[in-house]
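Please read this short report with the model open beside you.

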Amino acid sequence: MPALILLTSYLLGSLVSGVLYSRARGTDIRGHDLPGASGAYRQYGAAAAALVTGGDLLKGALAALGAQAAAPELAWLAAPGVVLGHCYPVFFGFRGGAGIVPLIGALLVLAPVTLLVTLGVAALVIPAYRAWGQRRVGLNAVPFAAAVAVPAGLLFAARYGGLPELLGGGAVMALRSLHLLRRGGPA
């Protein structure tokens with residue numbers, strides 16, 4: 001059963017909304033950007049970003065709901081599975097996005113309070129960092145906020161639930177980030 005949950009979640013994750021959207025427009029976003037919400041916004045505008053975000057949230061949530069229905073005790077496997085599919089999609093040459101939105105979709109179902117706390121910390125950190133630290137440190141606000149919010153989310157999850165989901169999905173995202181850094185851009 002664990003292999004089935006991972007495989008199903010991986011296949012759902014492999015339906016990368018940004019690639020599907022860009023191909024429907026006759027291009028492939030991965031030639032210029034990552035196929036997530038930010039890349040869709042930069043390449044096609046706000047409406048495209050909203051569609052891509054919705055599709056990626058939906059696949060994360062569907063993977064989690066399917067896993068909960070099949071084996072509630074193994075549902076946490078949906079988070080790393082859907083993120084792995086999004087980052088390394090079998091249908092698109094193993095070249096996908098970074099995995100943030102599919103993980104949010106899975107956490108929305110599997111660990112909504114942990115997700116809320118993690119996003120809440122990030123929402124508090126981003127404006128403060130932009131106002132007081134970004135010029136000094138020189139790092140974009142989102143990675144800085146993630147560096148603060150994810151440990152806070154992990155501490156919360158360890159006490160109140162959602163730790164395997166957050167660790168599993170986060171580990172895949174970290175691997176993808178390292179891969180992207182090593183390659184120097186969209187891959």
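The sections below cover the basis of the model, its cores, a surface patch, aromatic pairs and salt bridges.

## Basis

This is a predicted model: local features need pLDDT of at least 70, side-chain atom pairs count only at pLDDT 80 or more, and totals for chains, interfaces and linings use all residues. Residues are numbered from 1 along each chain as its sequence is written, and side-chain values use heavy atoms, with hydrogens and water left out.

Helices (H or I, at least four residues) are DSSP runs, numbered from the N terminus. Buried means under 20% relative accessible area, exposed means over 50%, and partly exposed lies in between (1.4 Å probe, protein chains only).

## Nonpolar cores

In soluble globular proteins, nonpolar side chains tend to be buried together. A nonpolar core is a set of buried Ala, Val, Leu, Ile, Met, Phe, Trp, Tyr and Cys residues joined through side-chain atoms within 4.5 Å. The largest one here has 24 residues. Ile5, Val83, Leu103 and Leu107 touch the most other members. At least two residues each come from helix H4 (46-70), helix H5 (78-87), helix H6 (100-110) and helix H10 (163-183). H5 gives the most, with five residues. Apart from this core lies another, of six residues, including Val125, Ala141, Ala145 and Ala149.

What does Ile5 touch, leaving aside neighbours within four places in sequence? Ile5 is in contact (heavy atoms within 4.5 Å) with Ala67, Ala71, Leu74, Leu77 and Ala78. Ser9 lies in helix H1. Ser9 is buried, at 2% relative accessible area. Not counting residues up to four places away in sequence, Ser9 touches Ala63, Ala78, Gly81 and Val82.

## A surface patch

Leu7, Leu11, Leu15, Leu20, Val90, Phe91 and Phe94 make a nonpolar surface patch of about 600 Å². Patches are made of residues with over 30% relative accessible area and no salt bridge; like charges are joined within 9 Å, nonpolar side chains (Val, Leu, Ile, Met, Phe, Trp, Tyr) within 5 Å. Areas come from the Shrake-Rupley method with a 1.4 Å probe, and for residues only the protein chains shown count as cover.

Leu15 sits in the loop between helix H1 (2-13) and helix H2 (17-24). Leu15 has a relative accessible area of 39%, so it is partly exposed.

## Aromatic pairs

The whole structure holds two aromatic pairs. Rings of Phe, Tyr and Trp (its six-membered ring) pair if their centres lie within 6.5 Å; planes under 30 degrees apart count as stacked, over 60 as edge-to-face and the rest as tilted. The Tyr21 and Tyr44 ring centres are 5.4 Å apart with planes at 65 degrees, so this pair is edge-to-face. Tyr21 in helix H2 and Tyr44 in helix H3 (residues 37-44) are 23 residues apart, so the pair links distant parts of the chain.

Phe156 and Tyr160 form a tilted pair, 4.6 Å centre to centre with 35 degrees between the planes. They are four residues apart in helix H9 (residues 141-160), about one helical turn.

## Salt bridges

Side chains of opposite charge can pair when their charged atoms come close. A salt bridge is a side-chain nitrogen of Lys or Arg within 4 Å of a carboxyl oxygen of Asp or Glu. The structure holds four. Asp33 and Arg42 form one of them (2.8 Å, N to O). Asp33 is buried at 9% relative accessibility, whereas Arg42 is exposed at 54%.

Asp56 and Lys59 form another (3.3 Å, N to O). Both lie in helix H4, three residues apart.
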